[in-house]
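Below is a short briefing on one protein model, meant to be read next to its sequence and coordinates.

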Amino acid sequence: MSDLSPEEQWRVEHARMHAKHRGHEAMHAEMVLILIATLVVAQLLLVQWKQRHPRSYNMVTLFQMWVVPLYFTVKLHWWRFLVIWILFSAVTAFVTFRATRKPLVQTTPRLVYKWFLLIYKISYATGIVGYMAVMFTLFGLNLLFKIKPEDAMDFGISLLFYGLYYGVLERDFAEMCADYMASTIGFYSESGMPTKHLSDSVCAVCGQRIFVDVSEEGIIENTYRLSCNHVFHEFCIRGWCIVGKKQTCPYCKEKVDLKRMFSNPWERPHVMYGQLLDWLRYLVAWQPVIIGLVQGINYILGLE
């Protein structure tokens, strides 16, 4: 085997696998049925869990998103990913710590949204570059730069994974921090009425005055009025909707018209990108658990 080329070794292993499983068609059909049944049941249970206890579902999903890739990283010795993961975790842990303190420091909301918006933009750009690299390789454009197809594909898939993975993580952490900060400020609660009355001159996201004089201390920024007539800092409400994954007014919980907020056609892909990240969260966090459960069932039943 050592004298064969990688392609020939793959063919030999493939032939051995077919010879090993020849005549086991009934067993394979049973394994497929177990896989389909487990996927359906698991999906139903996850949907019910998310609807009935969204807070615990989000926390467990976030923990799995954070830990599962780490296991494969250490196992496969992907040290570059591990270094980036440690740096991201360290800064995010500090930002999350600031967001969960009481009383909340006035500059904390903007610090939180700036950090997660930065990660969001970096992950978005990284994912786009990775996707373009994959498509260029599929069309053979890598040959124009004398790059091997396997190298170009590895580069594109790596960037695509980095962009999507950290895009999911930052949105989940941002959502958690947004809930803590808004609840601490008092203009927002997950259920029930706010604990404070919102003045027209105060932003419910950051708790700071919206309109300030030049001689006064405060944040001078463009404002945005929702269809419910509540006014916010433009940076804050965009961070609330894009980064914090909220689609309701921070004060009255009326549905936010995202199409009106993102009237610029160049901004609308950010909304679709967020929906893609929500789908990927299930794929990364729960798919390995479901596959492990299927393997356990097959092992108990003596299927191979």
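Accessible areas here come from the Shrake-Rupley method with a 1.4 Å probe, and for residues only the protein chains shown count as cover. On that basis the protein exposes about 18,700 Å², and carbon and sulfur atoms supply 66% of this area. The model is predicted: local features need pLDDT of at least 70, side-chain atom pairs count only at pLDDT 80 or more, and totals for chains, interfaces and linings use all residues. Residues are numbered from 1 along each chain as its sequence is written, and side-chain values use heavy atoms, with hydrogens and water left out.

**Overall make-up**

- The protein has 10 helices and 2 strands, where helices (H or I, at least four residues) and strands (E, at least two) are DSSP runs numbered from the N terminus.
- Read from the N terminus, the order of elements is α-α-α-α-α-α-β-β-α-α-α-α.
- Of the 304 residues in the protein, 38% are buried; buried means under 20% relative accessible area, exposed means over 50%, and partly exposed lies in between (1.4 Å probe, protein chains only).
- Contact means heavy atoms within 4.5 Å. Among contacts between residues at least 6 apart in sequence, 61% join residues at least 24 apart.

**Surface patches**

- Patches are made of residues with over 30% relative accessible area and no salt bridge; like charges are joined within 9 Å, and nonpolar side chains (Val, Leu, Ile, Met, Phe, Trp, Tyr) within 5 Å.
- A salt bridge is a side-chain nitrogen of Lys or Arg within 4 Å of a carboxyl oxygen of Asp or Glu.
- Lys and Arg count as positive and Asp and Glu as negative, while His and the chain ends are not counted; the place of a charge is NZ of Lys, CZ of Arg, CG of Asp or CD of Glu.
- Glu-7, Glu-8, Glu-150, Asp-151 and Asp-154 form a negative surface patch. Helix 1 (6-21) and helix 6 (149-185) are the elements that give two or more residues to this patch, and helix 6 gives the most, with 3 residues.
- Asp-151 is placed in helix 6 and counts as partly exposed because its relative accessibility is 43%.
- A nonpolar surface patch of about 1,100 Å² is made by Ile-128, Tyr-131, Met-132, Phe-136, Leu-138, Phe-139, Leu-141, Leu-144, Phe-145 and Ile-147.
- Ile-128, in helix 5 (residues 108-138), has a relative accessibility of 39% and so counts as partly exposed.

**Buried helix residues**

- Gln-64 sits in helix 3 (residues 54-76). With a relative accessible area of 15%, Gln-64 is buried.
- Apart from neighbours within four places in sequence, Gln-64 is in contact with Pro-69, Ala-285, Trp-286 and Val-289.
- Gly-167, in helix 6, is buried at a relative accessible area of 0%.

**Helix 10**

- Ile-297 belongs to helix 10 (residues 287-300), and its relative accessibility of 28% makes it partly exposed.
- Ile-297 and Leu-35 are 262 residues apart along the chain, and their C-alpha atoms are separated by 9.4 Å.
- Leaving out neighbours within four places in sequence, Ile-297 is in contact with Ile-34 and Thr-38.

**Backbone geometry**

- His-77 is not a glycine, yet has a positive phi of about 60 degrees.
- His-77 is found in the loop between helix 3 and helix 4 (79-99).
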